Amino acid sequence: MSYIHKETFRVRTSEINLRKEIHPHHLIQLMQESSMQHTLGMKVSVWDLESQNVSWVLLKKNIQFFRFPLLGEQIEIHTYPSGLDGYFTYRDYYVYDEKGNICANASSMWTLMDTVERKMVKIPAEFGSLVYQTDYYLPKPSQKLKTPKDGELSHNVTVNYLHLDWNGHVNNVQLIKMIFESLGEATLQNRILSSFTIQFKSEATIGQNLVVRSELTSENEIIHAIKNRETEKDIILATTNWV
């Protein structure tokens, strides 16, 4: 059964910056929580599927930020599956304030991964009934992302236990937080994030040494990569735009 899932949150003191606005990674975390609750409600969560040795994997996400809610504001997140195409499924998100104004939206691309053979598997056709039918879906995240040059701004991280999620690898939001932690105070305090595009390339696990690299490509755009420091294998690629 398809339906729009709605979750209400209030911005807490632990989630805000110096401007008393919610941090981008905390807002993304709330989006992720909403989609997790939705999959639980539809009985297709990672725990519902674990007996089949498959799990959901996020491949791409494109987020547009219009306004960051302030401390104490109540927000409502709407999310629903927005498409199914062979090995890939899509999910859209909308974040509204108490007056019904849009604060952010996001489109995302997912696949099912065989947890034993570590390869993608075709999504069952019956999952198509979970796709919410509407006249408007957000554009699917399909951008080809660039890789920053060596020698640009870099930040080293060693994966620890608190970075891990229920699958035993680094949580998606933890990787996003690493990108923001690698940026200078001038960017974080004086600029406002307007969009964030990310592509997940491979997993990161406990004990791995990661390097976060960023390169300013224009006045408003920064490109990022998180790599395994030993193998130079990409974990994620991302692009942020600022005003």
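This is a predicted model: local features need pLDDT of at least 70, side-chain atom pairs count only at pLDDT 80 or more; totals for chains, interfaces and linings use all residues.
Ala, Val, Leu, Ile, Met, Phe, Trp, Tyr, Cys and Pro count as nonpolar here, Asp, Glu, Lys and Arg as charged, and the others, Gly among them, as polar.

Numbering runs from 1 along each chain as its sequence is written, and side-chain values use heavy atoms, without hydrogens or water.

Now the largest pocket. A pocket is an open set of points on a 1 Å grid over the protein atoms alone, where a 1.4 Å probe fits, with protein on both sides within 12 Å along at least five of seven lines; lining residues have an atom within 4 Å of a point. Its volume, the space filled by probe spheres set on the points, joined across faces, edges and corners, is about 770 Å³. The lining has 39 residues, and Trp 56, Val 57, Leu 58, Leu 59 and Trp 110 are the closest to the centre. By class, 23 are nonpolar, ten polar and six charged.

Next, Ser 107. This residue sits in strand β5, residues 102–114; strands are DSSP runs of E, at least two residues, numbered from the N terminus. Is Ser 107 buried or exposed? Buried, because its relative accessible area is 4%, and buried means under 20%, exposed over 50%, partly exposed in between, with a 1.4 Å probe and protein chains only. Its side chain reaches the backbone oxygen of Pro 139 at 2.9 Å.

Last, Thr 158, in strand β7. At 43% relative accessibility, Thr 158 is partly exposed.

Conventions: Helices (H or I, at least four residues) and strands (E, at least two) are DSSP runs, numbered from the N terminus. A polar contact is a pair of N or O atoms within 3.5 Å; within protein, one must be able to donate a hydrogen and the other to accept it, and residues adjacent in sequence count only if both atoms are side-chain atoms.
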